[in-house]
Amino acid sequence: MAEDEKMAGNVVPETAAGEQTASNQEGEGNGNDPAGEGEKQDFQQQETSRSYTQEQVNEIVRGRLERASKAFYDRYGVSGEKELDELVGMAQAYQTMKSRYDAMQADNKSLKEQIMFHANGVLPEREDDVRTYFKGKGLEMSDEALKQVLISHPEWLAQASKPAPTTTIVPLGGQAEDEEKPDPEAEAAKMFGLSHFVN
């Protein structure tokens with residue numbers, strides 16, 4: 001019987017126990033499966049339903065994890081976990097330094113504005129108005145730009161204190177008591193141009 005199958009070109013697959021498949025044994029005598037199609041299908045099913053041991057599964061997973069971690073390290077230009085930790089540490093330090101730098105820049109800008117406002121005589125209660133004006137116009141605040149804007153907005157300026165005019169109050173209708181009273185003859189002579197005759 002085995003010789004007949006070899007002559008017909010059919011190869012009989014064996015199971016793990018070394019026995020013939022049940023379909024092969026059933027189809028042996030009947031002529032229902034002359035081309036051996038059932039045997040081919042059984043063989044393909046055995047190949048696709050191949051089982052793995054736990055060690056084989058662990059080895060496959062380990063290999064995939066190693067390839068994935070190598071690809072990850074290559075992506076960030078490091079050779080291993082230690083260099084990756086250093087890279088992350090530097091990134092965190094950079095973030096800290098950047099936040100400090102941004103805070104210092106904001107303080108510097110604020111101090112420069114205060115100096116400009118003081119130098120140009122802007123009222124403290126009008127400083128927000130000036131900032132809003134520049135921000136609304138999309139302009140960068142500089143000393144020259146501020147001077148140009150202050151020309152059209154004098155209400156933002158502190159008015160220079162002018163000295164109050166001094167006035168002397170003289171009582172009407174009379175002379176001060178401590179003044180010397182003029183001689184009436186001398187006054188009359190002066191009025192008529194005869195002052196050179198009076199001694």
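Asn120 is found in helix α5, where helices (H or I, at least four residues) and strands (E, at least two) are DSSP runs numbered from the N terminus. With 15% relative accessibility, Asn120 counts as buried; buried means under 20% relative accessible area, exposed means over 50%, and partly exposed is in between (1.4 Å probe, protein chains only). The side chain of Asn120 makes a polar contact with the side chain of Asp143 at 2.9 Å. A polar contact here is a pair of N or O atoms within 3.5 Å; within protein, one must be able to donate a hydrogen and the other to accept it, and residues adjacent in sequence count only if both atoms are side-chain atoms. If you set aside neighbours within four places in sequence, Asn120 is in contact with Asp143, Leu146, Lys147, Leu150 and Leu157, contact meaning heavy atoms within 4.5 Å.

A word on what you're looking at: this is a predicted model, in which local features need pLDDT of at least 70 and side-chain atom pairs count only at pLDDT 80 or more, while totals for chains, interfaces and linings use all residues. Residues are numbered from 1 along each chain as its sequence is written, and side-chain values use heavy atoms, with hydrogens and water left out.

**The overall picture**

How many helices and strands does the protein have? There are eight helices and zero strands, so from the N terminus on, the elements read α-α-α-α-α-α-α-α. Of the 199 residues, 14% count as buried. The protein exposes about 17,300 Å², and carbon and sulfur atoms supply 54% of that; areas like this come from the Shrake-Rupley method with a 1.4 Å probe, and for residues only the protein chains shown count as cover. Among contacts with a separation of 6 or more, 41% are between residues 24 or more positions apart.

In soluble globular proteins, nonpolar side chains tend to be buried together. Here the largest nonpolar core has 10 residues: Met116, Phe117, Val122, Val130, Phe134, Met141, Leu146, Val149, Leu150 and Trp156. The elements giving two or more residues to this core are α5 (81–120), α6 (127–137) and α7 (143–152), and α7 has the largest share, with three residues. A nonpolar core is a set of buried Ala, Val, Leu, Ile, Met, Phe, Trp, Tyr and Cys residues joined through side-chain atoms within 4.5 Å.

Take Val130 as a way in. Leaving out neighbours within four places in sequence, Val130 is in contact with Phe117, Val122, Met141, Leu146 and Trp156.

Then there's Gly121, in the loop between α5 and α6. Gly121 is partly exposed, because its relative accessibility is 24%. Which residues does Gly121 contact, leaving aside its neighbours within four places in sequence? They are Trp156, Leu157 and Ala158. Gly121 and Ala158 are 37 residues apart along the chain, yet their C-alpha atoms are separated by 5.6 Å.

**Outside: a patch and some charges**

On the surface, Tyr52, Val57, Ile60, Val61 and Leu65 form a nonpolar patch with about 450 Å² of accessible area together. Patches are made of residues with over 30% relative accessible area and no salt bridge; like charges are joined within 9 Å, and nonpolar side chains (Val, Leu, Ile, Met, Phe, Trp, Tyr) within 5 Å. Leu65 sits in helix α4 (residues 54–75) and counts as exposed because its relative accessibility is 57%.

Now for the charged pairs. A search of the whole structure finds eight salt bridges, a salt bridge being a side-chain nitrogen of Lys or Arg within 4 Å of a carboxyl oxygen of Asp or Glu. Here are some of them:

| Pair | N to O distance |
|---|---|
| Glu59 and Arg62 | 2.8 Å |
| Asp74 and Lys70 | 3.0 Å |
| Asp129 and Arg126 | 3.1 Å |

Glu59 and Arg62 both lie in helix α4, three residues apart, about one turn of the helix. Both are partly exposed: Glu59 has 48% relative accessibility, and Arg62 has 43%. Asp74 and Lys70 are also in helix α4, four residues apart, again about one turn. Lys70 counts as exposed at 52% relative accessibility, whereas Asp74 is partly exposed at 48%. As for the remaining pair in the table, Asp129 is partly exposed with a relative accessible area of 32%, and Arg126 is partly exposed at 28%. Finally, Glu113, Glu127, Asp128 and Arg131 are linked in a network of salt bridges.
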